Amino acid sequence: MTSGFWQKTGKGLAKTRHFLSAGLGSIFKKKREIDQDTFDRLEALLIGADLGVEVTQVLLADLKASVERKEVGNLETLRDKLKTSLIEILKQVPVAPPIDESPIVTLFVGVNGVGKTTTIGKHAKRLCAEGKKVLLAAADTFRAGAGEQLSIWGQRAGAEVIRFPPGADPSAVVFDATSAAMARKVDHLLIDTAGRLQTKHNLMEELKKMTRVISKQIPNAPHEKILVLDATTGQNALSQAEHFQKAIGLTGIVLTKLDGTGRGGIVVPIVQKFSVPIIEIGVGESPEDLIPFDIENFVGALFEEENP
Ligand SMILES: Nc1nc2c(ncn2[C@@H]2O[C@H](COP(=O)(O)OP(=O)(O)OP(=O)(O)O)[C@@H](O)[C@H]2O)c(=O)[nH]1
Ligand SMILES: [Mg+2]
């Protein structure tokens, strides 16, 4: 991981880090020894950073055991122990082998406004810069302006875009785009879909239909089914992950808008609960603000001391 990624992760997680760092500092300010009150305050802090009740209980049980073994006795050792435990939880997700097929078809899904189209644009820009041939499919035919928004990203990245008139059947767009991706021998087909509430049955069925249309043309496709989640939505992200996972089976998650929240801890319960890897994180609105998720880098940035 280059220092550039490290710096970006650090910058994107500044709010969460500040929240945790200031919280940990204030817990230890009043007294030095670790007692039940320390654990109670720590519990409130971790839940406040959106680590969720289950993960928080696991972390606290680990910490208590370490305190009893006298491995943890002050702020520094406590911070180190938290880091190690979080890294262990995040590393439990198996890493999928790289896909050796062409085209690789990736479907981006998620609720309204989470950052699907922006993420696809950033993704396309990176792939094109690496010399890959990329095709974008505007299967969001619902929102006026969605096709135009994707086309602008396509132009910036240097990727062609398959677009239908507003109101067209998204599965028809997907069918055409998959055929075009094969005919044009592109390396990547990235499919943008309309935002949909995870509880709307007919819209989730529409997604299933899109995946069927794709796999009829390319048996293993869509190879990647990426759920885009907005980190600022908090625990509702878990409900979103659950419904999309059930409907189409997810291969990865992109967590956006980490720059805008102090609750970046949401990464942990998502990974722990669904065993789906976080692929990338969004830390801003410009093209280079989508960075690969690296576990050590992420946890390091969460607990880095402020102004060391
Ligand atoms: N700060 C910040 N803003 C982001 C990030 N990702 C996306 N956005 C902003 O979020 C807003 C919505 O992004 P879109 O990409 O249009 O979201 P969408 O999921 O495609 O929305 P719908 O198609 O309407 O469902 C835009 O203003 C983006 O610039 C991020 O990582 N950080
Ligand atoms: Mg969109």
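**Salt bridges in close-up**

**View 1. Glutamate 205 and lysine 208 meet through their side chains in a salt bridge, 3.0 Å from N to O.** This is a predicted model; local features need pLDDT of at least 70, side-chain atom pairs count only at pLDDT 80 or more, and totals for chains, interfaces and linings use all residues. Residues are numbered from 1 along each chain as its sequence is written, chains are lettered from A and ligands numbered from 1 in the order in which they are written, and side-chain values use heavy atoms, leaving out hydrogens and water. A salt bridge here is a side-chain nitrogen of Lys or Arg within 4 Å of a carboxyl oxygen of Asp or Glu. Glutamate 205 and lysine 208 are three residues apart in helix H9 (residues 201-217), so about one helical turn separates them. Helices (H or I, at least four residues) and strands (E, at least two) are DSSP runs, numbered from the N terminus. Glutamate 205 is partly exposed at 28% relative accessibility. Lysine 208 is partly exposed at 26%. Buried means under 20% relative accessible area, exposed over 50%, and partly exposed in between (1.4 Å probe, protein chains only).

**View 2. Aspartate 37 pairs with arginine 41 in a salt bridge.** Their closest N and O atoms are 3.0 Å apart. Both residues lie in helix H3 (residues 36-48), four residues apart, about one turn of the helix. Aspartate 37 has a relative accessible area of 30% and is partly exposed. Arginine 41, at 34%, is partly exposed too.

**View 3. Glutamate 296 forms a salt bridge with lysine 91.** The closest N and O atoms are 2.6 Å apart. Glutamate 296 sits in helix H12 (residues 295-303), and lysine 91 in the loop between helix H5 (75-90) and strand E1 (104-109), so the pair ties together parts 205 residues apart in sequence. Glutamate 296 is partly exposed, at 39% relative accessibility. Lysine 91 is partly exposed, at 47%.

**View 4. The chain around these pairs has 12 helices and eight strands.** Its radius of gyration (taken over C-alpha atoms) is 21 Å. Buried residues make up 52% of the 308. The structure holds 11 salt bridges.

Notes
The radius of gyration is taken over C-alpha atoms; the globule rule is 2.2 Å times the number of residues to the power 0.38.
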